Amino acid sequence: MKKFFKYTMYVSLLTIALSFTSCQDEFEEINTGTEPQAITANSSTAQLIQHTSSNDGSFDNIVDGTSCFDIKFPYTVEVNGLELTIDSREDIHQIEEIFDAIDDDLDFLEILFPITITAGDFSEITINGLQDLRELAAECKEGGDDDDIECIDFVYPMTIFTFNVNLEQTSNVVVESDRELRIFFKDLDENKLISFDFPISLKLYDDTTITVENNEELARVIENAKDVCDEDDDDDYNDDDFNEASFNDKLVECVWFVKEFKRNDIDQTVQYVDYILHFKEDGTVITGFRGAATIAGTWSTTVGDDGAKLNMEFETSVDFNLEWNVYDIGDNRIKLFNGESNRIIMKQICEEDLAEANPDTLREILKECSWVIKKVQQQGEELNRLLGYEFNFMAEGVITLSNGVNSSEGTWDIALNTEQKLVMAITMGEELGVSFEWPIREMANNRLKFEVDEIGYELVMQRVCDNNNTDGDVAEIRNFMIGGEWVVASYVEGDVNMTDMYGGYSLGFMAQNQVSIMEGGQAFGSGLWRVLRNSDEKLKVYLNFGENMPFNELTDDWDFVSVVDGRIELKDISGDGTITTLVLEK
């Protein structure tokens, strides 16, 4: 649980009157002599102690949607079609990773009942169905209004004494955890007298340790601490709380690159992909494409009970001028939104990850690994026939272009053109589509972009080292696809279902990135396929069927959605926001 300081939520010291009767609810003191202080089990001090030692059930809110209890390990869930066994808190992070792998899919989680839940008092209840779980969750107070106190914790072990009505000690108990302490109170008669073996220690949310010498100090410390941090006790698992200082530090730490952009419900990712946002400590922000003319604006942030917000103001880049809510931050990525119609996803790339714009550096980068073509465009027309083809830049200026079986050879060099701009000059006699002096537009991470916007020329390449063979997810999907025949079970573009176009056809995915197209069991064409993880850590499935109709419609670099039970689902989002889904079944 992340606990961040709320600057405005310190509470003033409570004035506590200490007296003792059998039924009063203040903080009791048995005597003023040398005997240990004692309190009744139903006193206000005892209530504070129990609330501090309550079970915090908010860590698995992504599963059960409530902070009042958690689900006992192990249990099984189905997440976007994948069945997971949850054995520990670490396993719960897998669910969020699956949800976040694709930003525009509809996330689905189903709990496989029966399950056992652990309540705030550590009692266990068996739940046999979703309706029973929902009814219990509906009784929970969320948003920090529950009784559980999480901003301060006891340091164990502690010794507790019990007394009879004559103040004679009847027992002593050593407790080692919140669970043992809460169960001790649960089994105690409410009028029983107890006392701690002082001094005892407590630890605040910021790891500060406080030692108390008596019940009065104990009550005071808990009262003053219970509201000074954000317990994150709500059912929004992905809200990621911040304080303003740490949020600002994150923004100015490195340069941010736009990866997805939607404004007024129009997808403008094609226009803004790899646009930079460089936030500076003086409140200015620089935007534009790296290496091109940039635009200056201003930025500011606020952080409140409703989360973190980022404001940007530009005179010209007005699409960014909004108060953006922070939906998610982590793994060098920030997701911003404003209503359902406006969204930015941007990725942080620090200077050590950016290639220096000089010929020698780029030459070495190109020679280190293979480079797969993501996009080639000439005079505004996209050359889909080259999607997924692989460049290998070799010594002595030799370059090869291959689809896994056929290979072309040419020459390459990195130089400065007549305008003194860095270019990658390729001459490939058999493939004019890539023969050009490509000016460098973007060098970031594992992706290179070359572009002459004025004449509609663009080349985007994805770096692939060792064919992604060390990536377990990539290897699993490849192995799943190879062997056997696949059919198009569903092909839907927007609201148009075009599945019937592929009746009677089948596909065979083979080694060397080759795919065979068959009709009636007889091959009549071939294509190229690849599975790789791109520079944004997304799993992609490249399909290139050339001119083979009707499969040429399926040529694209698809987002991987899921693979289960002989079925693989892929998705693509076009520049105008149209969602296309492709389902293949074995």
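F163 stands opposite L193 in β11, and β9 and β11 pair in the antiparallel sense over four bridges, where pairing requires that DSSP finds at least two bridges between two strands. Strands are DSSP runs of E with at least two residues and helices are runs of H or I with at least four, numbered from the N terminus. The model is predicted, so that local features need pLDDT of at least 70 and side-chain atom pairs pLDDT 80 or more, while totals for chains, interfaces and linings use all residues. Residues are numbered from 1 along each chain as its sequence is written, and side-chain values use heavy atoms, without hydrogens and water.

| Strand paired with β11 | Sense | Bridges |
|---|---|---|
| β1 (residues 39-40) | antiparallel | two bridges |
| β9 | antiparallel | four bridges |

In β11, L193 is also the bridge partner of T40. L193 and S195 point one way from this strand, I194 and F196 the other way, and all are buried, meaning under 20% relative accessible area with a 1.4 Å probe and protein chains only.

Leaving aside neighbours within four places in sequence, F154 is in contact (heavy atoms within 4.5 Å) with residues including I49, L181, I200 and L218.

Technical notes
Buried means under 20% relative accessible area, exposed over 50%, partly exposed in between (1.4 Å probe, protein chains only).
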